[in-house]
Amino acid sequence: MDLEEAFQVVGEFGPYQRRVVALLVLTQVYMACQSMLIVLVGSTPEYQVEQQDGAAFSLQELPQHVTFTEDIDSIVTEWFLIKQQAYKVSLAGSLFFVGLLVGNIVFGPLSDKIGRRPVYLTSMFLEVVFGYVTAFAPSYEVFAVSRLLVGLMNGAIGLVCFVFTQEYVGKSYWAMTGTLASMTFAVGITLFGALGYFIQPWRSLATAANSSGILFFLLSVTLPESPRWLYSQGQTKRAEEVLRYMAVRNGNSANNLILQRVGAKKAGNHDNGGAGVQQLVIHPVLRLRTMVLMYVWYACSLVYYGLTLGASEMSGNRYVNVAMYGLVELPAYPLCMYFINKHWAGRRKSMASFLCLAGSACLCTMLIPENTGSLLSVTSLALLGKLMVSAAFNIVYIYTSELYPTVIRNAALGVCSMSCRVGGILAPFVPSMRALHNSVPFTVFCLSGLSAGCLGLLLPETLNQPAAETLEELGSPTRSRVLENKALLYEDEEAKYSSNHN
């Protein structure tokens with residue numbers, strides 16, 4: 001039997017899988033706390049600087065002449081990151097995203113090569129270690145480097161954790177598990193806002209936010225390797241062992257579970273350039289999908305983080321604002337679960353529609369005066385845009401995992417996430433474009449959302465389609481839209497031309 005038939009025997013989403021997925025999904029709370037840490041520990045309170053006749057104070061003299069008028073304990077108040085040093089707060093936040101970028105590039109292909117489990121456990125352990133380095137950093141330089149390293153590990157955990165939630169269950173539950181992971185991340189942002197309210201000293205907050213990682217690491221030690229990855233590597237016997245173990249925990253009998261034998265050479269396509277990043281460029285279908293998806297991921301990240309930074313300028317309690325950023329995303333996920341499983345919407349149309357709606361909401365902000373007090377205000381439209389782009393962000397995770405075969409799924413997610421992190425790194429610079437005109441930032445978000453939504457329509461629909469395990473299965477006409485079929489025909493013509501001239 002093939003893998004999907006085996007999951008019917010084991011149970012697509014039995015009691016054991018529910019416990020495992022619950023653990024992986026709850027890990028998103030820890031990841032959200034690490035991602036949002038700089039928002040609170042980097043808070044800049046109101047301050048006054050004693051006036052001096054003549055020249056300005058030097059950096060060494062400044063601490064003696066600054067008075068913070070708010071009772072806030074942050075890296076700003078400890079290391080006096082104000083005036084010419086204020087950029088260091090943003091730099092620490094950017095270094096986290098740089099770490100995510102590098103983590104996606106390195107650990108995506110690595111987990112496809114050596115397995116999901118070793119990459120996941122090693123990254124989780126190291127992130128906890130570097131998280132404590134952040135909390136006890138003796139200087140800003142150590143703090144900044146630790147944020148880079150935490151981001152590096154966070155990128156690895158995010159990728160493998162998401163793939164785990166997909167590969168432990170039957171394909172019919174992929175959308176649900178992916179949505180739960182994204183929803184829990186939003187809940188984690190909200191909980192971090194509450195945690196920051198009760199634990200305000202920045203070192204104590206960083207320690208508390210990091211300590212839950214110890215529990216998640218200890219619970220994750222018992223996780224088995226992904227049976228889908230084992231099967232894709234030709235390790236059929238080990239895949240059967242994992243599936244039988246899952247079946248027993250689900251209370252099902254799987255004594256007769258025997259998978260189709262697929263050699264490692266065929267499963268991994270090692271003779272065809274390797275099942276890795278190079279296949280995303282070499283294979284004509286994968287090349288087109290990857291180009292489109294990289295731009296879609298980039299646009300999602302740029303609009304999502306750009307709107308979040310814009311919302312952070314709202315007046316009010318900073319802890320309530322952080323919680324709002326998480327809460328506003330929650331309605332997006334039930335919408336996703338409803339639309340992406342409807343035959344008239346599916347993954348492709350839903351993703352494109354949400355992106356276009358996000359772009360349209362940003363367009364409408366340019367048509368409304370900024371200081372209006374009505375319900376239809378710039379702030380409400382910006383939050384609506386974030387709601388829509390959050391929905392698109394959730395779908396693109398699920399959609400991408402379904403568009404790629406198991407043998408290169410993690411590598412593909414890594415490459416797409418890389419372009420996503422580029423959007424995250426650039427997003428802080430977009431609000432500064434208000435210096436040109438107040439409407440410029442929203443124009444950038446509008447054009448990004450609309451263009452990504454239109455490009456997404458070039459991709460094939462994956463709803464109710466069997467999951468591809470190897471690269472050969474991508475050649476099936478049922479999997480490709482017209483654009484991809486043309487790419488396959490072009491490749492065939494090239495092959496025939498080469499054979500006729502050799």
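Residues are numbered from 1 along each chain as its sequence is written. In this predicted model, local features need pLDDT of at least 70 and side-chain atom pairs count only at pLDDT 80 or more, while totals for chains, interfaces and linings use all residues; side-chain values use heavy atoms, without hydrogens and water.

The chain holds 20 helices and 2 strands. Both are DSSP runs numbered from the N terminus (helices H or I, at least four residues; strands E, at least two). Of its 502 residues, 54% are buried (under 20% relative accessible area, 1.4 Å probe, protein chains only; exposed is over 50%, partly exposed in between). Among contacts (heavy atoms within 4.5 Å) with a separation of 6 or more, 79% join residues 24 or more positions apart.

Two packed helices are described by the angle between their axes and the distance between the axes. Axes are lines fitted to C-alpha atoms, for helices over the stretch in contact, and angles run from 0 to 180 degrees between N-to-C directions. Helix 2 (residues 15-41) packs with helix 8 (residues 202-220) at about 160°, and their axes lie 10 Å apart. The two helices are therefore roughly antiparallel (over 145 degrees; under 35 is roughly parallel, 65 to 115 roughly perpendicular, the rest oblique). Their crossing is left-handed (the near helix is turned anticlockwise from the far one by less than a right angle; right-handed if clockwise). Residues of helix 2 in this contact include Leu23, Tyr30 and Leu37, and those of helix 8 include Trp202, Ala209 and Phe216. The contact comprises 13 nonpolar, 6 polar and no charged residues. Here Ala, Val, Leu, Ile, Met, Phe, Trp, Tyr, Cys and Pro count as nonpolar, Asp, Glu, Lys and Arg as charged, and the others, Gly among them, as polar.

Helix 7 (residues 174-198) packs with helix 17 (residues 378-403) at about 140°, with axes 9 Å apart. That makes helix 7 oblique to helix 17. The crossing is right-handed. Trp174, Ala175, Gly178, Thr179 and Ser182 of helix 7 meet Asn394, Ile398, Ser401 and Glu402 of helix 17. These residues divide into 3 nonpolar, 5 polar and 1 charged.

Helix 19 (residues 440-456) has 17 residues, and its end C-alpha atoms are 24 Å apart. Thr462 lies in the loop between helix 19 and helix 20 (482-500). Thr462 is buried, at 6% relative accessible area. Beyond its neighbours within four places in sequence, Thr462 contacts Lys171, Arg347, Tyr399, Glu402 and Leu403.

Notes
The expected span of a helix is 1.5 Å times one less than its number of residues.
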